[in-house]
Amino acid sequence: MSTGSGSIFCPCSRSENEAVVNDRQHSLEDKNRPGAADRISGATGSTVLKDEPLSRHTSFGIGGPADLYIRPASEKDLAVVLGIIRQYGMGLMVIGRGTNILVGDGGFRGAVVDLRGACRRLEHQGEKVIAGAGVTVSELLDYCLSQELGGLEFMAGIPGSVGGAVRVNAGAWGSAVGDRIEAVRGYDPAGRGVDMERSELQFSYRQARFPDHLIITEVRLSLQPEKAGAIAGKMDDYRRRRRHQPIDQKSAGSVFKNPSSAPAGRLIEAAGCKGLRVDGAQVSPQHANFIINLGEATAAAVRELIDQVRLKVREDSGVELEMEIICVGEE
Ligand SMILES: Cc1cc2nc3c(=O)[nH]c(=O)nc-3n(C[C@H](O)[C@H](O)[C@H](O)COP(=O)(O)OP(=O)(O)OC[C@H]3O[C@@H](n4cnc5c(N)ncnc54)[C@H](O)[C@@H]3O)c2cc1C
């Protein structure tokens with residue numbers, strides 16, 4: 001299957017991370033799409049929504065409609081859903097909690113699959129924690145606290161799902177989830193099970209070497225015993241450090257990766273971009289590496305603002321900022 005680059009509207013560095021498949025050659029006529037929806041509803045207990053605005057499923061509150069938005073009820077359902085999507089030749093994107101993506105105003109042609117109902121496993125075997133991709137980071141951290149297993153406290157305050165965090169190797173304060181990952185399990189788009197060991201994944205700053213279009217279903221993490229009080233104390237500390245971030249506003253977190261020379265926020269501020277606006281999109285006056293949706297921002301406005309910031313930083317410091325957020329869907 002090809003990546004269908006036509007469906008990805010911005011050449012960002014994380015695009016290779018996307019669980020996006022869009023095989024134009026086999027794309028269906030729009031009139032056949034209800035057939036796929038009916039088949040999925042009939043064969044599984046999945047929730048299937050047609051023309052679902054993705055703005056409802058992203059922390060930016062931005063994004064046009066997905067042809068189909070599917071929430072399988074179990075991992076068994078997920079396997080059936082993937083089979084039907086493949087038979088109909090539809091594009092496929094997996095979404096976590098949509099906290100790291102900018103979806104285009106044109107939405108997504110194909111099926112967006114949300115694993116929050118399907119991959120819910122959360123258990124430990126000694127110091128190893130198995131977490132389903134649909135579990136939230138916050139649920140995972142609560143579980144680790146309850147089991148007195150430490151090592152992931154730095155993730156306190158990172159929104160999103162385990163699947164999304166693993167896919168983008170989410171991290172903060174010099175640590176990343178990949179530091180703790182032993183193995184990842186998932187499906188390829190053909191519905192075949194895939195098991196990967198840590199040595200194959202080559203985690204680095206906000207990325208890992210996953211096979212194209214892998215759909216992550218669960219992960220095994222290696223933690224260590226620690227007193228609940230100590231874990232809670234560290235998590236509080238990490239959460240407090242986020243008080244300078246616009247966490248109550250609509251954003252997708254840091255827009256740019258930190259270059260080796262200086263934090264992206266500092267470079268953006270030095271270039272005079274704090275508070276810069278394009279329509280309803282604004283560089284946060286609180287933290288320059290966040291773009292916030294003031295209300296009715298479009299993806300196009302965010303894109304335009306990103307271009308302006310990049311240009312000003314290039315002119316000011318000579319640094320080429322690389323995207324951290326992932327752009328998907330149609331312009
Ligand atoms: C206020 C705020 C603060 C943030 N702070 C941080 C931070 O400190 N550090 C950090 O790293 N990030 C941060 N983020 C960004 C984001 O929360 C994380 O990157 C998070 O891990 C993304 O998870 P998600 O479930 O929302 O993924 P999504 O945004 O839904 O998806 C991200 C990518 O992963 C893919 N994906 C999702 N699930 C799967 C799956 N099961 N299998 C395969 N691919 C999948 C998607 O296709 C997409 O390409 C922040 C965001 C916000 C809004």
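## Starting at Gly171

Gly171 touches Phe154, Ala176 and Val177, leaving out residues up to four places away in sequence. Here, two residues are in contact if their C-beta atoms, placed from the backbone, lie within 7 Å. The model is a predicted one, where local features need pLDDT of at least 70 and side-chain atom pairs count only at pLDDT 80 or more, while totals for chains, interfaces and linings use all residues. Residue numbers start from 1 along each chain as its sequence is written.

Gly171 sits in strand 10. Helices (H or I, at least four residues) and strands (E, at least two) are DSSP runs, numbered from the N terminus. Is Gly171 exposed, partly exposed or buried? Gly171 is partly exposed, because 18 other C-beta atoms lie within 10 Å. The cut-offs work like this: 20 or more other C-beta atoms within 10 Å of its own makes a residue buried, 12 or fewer makes it exposed, and in between is partly exposed, with C-beta atoms placed from the backbone. Leu152 is 19 residues away from Gly171 along the chain, and their C-alpha atoms are separated by 9.5 Å.

## The whole protein

Let's zoom out. The protein's secondary structure comes to 8 helices and 19 strands. Of its 331 residues, 47% count as buried. Take the contacts with a separation of 6 or more: 68% of them are between residues 24 or more positions apart.

## Around the ligand

Which residues come nearest to the ligand? Of the 36 residues around the ligand, those are Gly96, Gly160, Gly163, Gly164 and Gly253. Strand 4 (92–95), helix 4 (162–168), strand 10 (171–172) and strand 14 (215–222) are the elements that give two or more residues to this shell. A residue counts as near a molecule or strand if its C-beta atom, placed from the backbone, lies within 6 Å of it.

Helix 4 provides the largest share of the shell, 5 residues. By type, the shell splits into 19 nonpolar, 14 polar and 3 charged residues.

## The nonpolar core

The largest nonpolar core has 92 residues, and Val162 and Leu305 are among those with the most contacts inside it. Such a core is a set of buried Ala, Val, Leu, Ile, Met, Phe, Trp, Tyr and Cys residues joined through C-beta atoms within 7 Å. Helix 8 (residues 299–317) gives the largest share of this core, 7 residues. Leaving aside neighbours within four places in sequence, Leu305 is in contact with Leu276, Val278, Ala281, Val283 and Ile291.

Two strands pair if DSSP finds at least two bridges between them. Strand 17 (residues 281–283) and strand 18 have 3 bridges in the antiparallel sense, and Ala281 has Asn293 as its bridge partner in strand 18.

Strand 12 (residues 181–187) runs antiparallel to strand 13, joined by 5 bridges, and Arg185 stands opposite Asp195 in strand 13.

Is strand 3 (residues 65–71) mostly covered or uncovered? Strand 3 is mostly covered, with 7 of its 7 residues buried. Strand 6 (residues 108–114) runs parallel to strand 3, with 4 bridges, and Val112 in strand 6 is the bridge partner of Tyr69.

Technical notes: Nonpolar A, V, L, I, M, F, W, Y, C, P; charged D, E, K, R; others polar.
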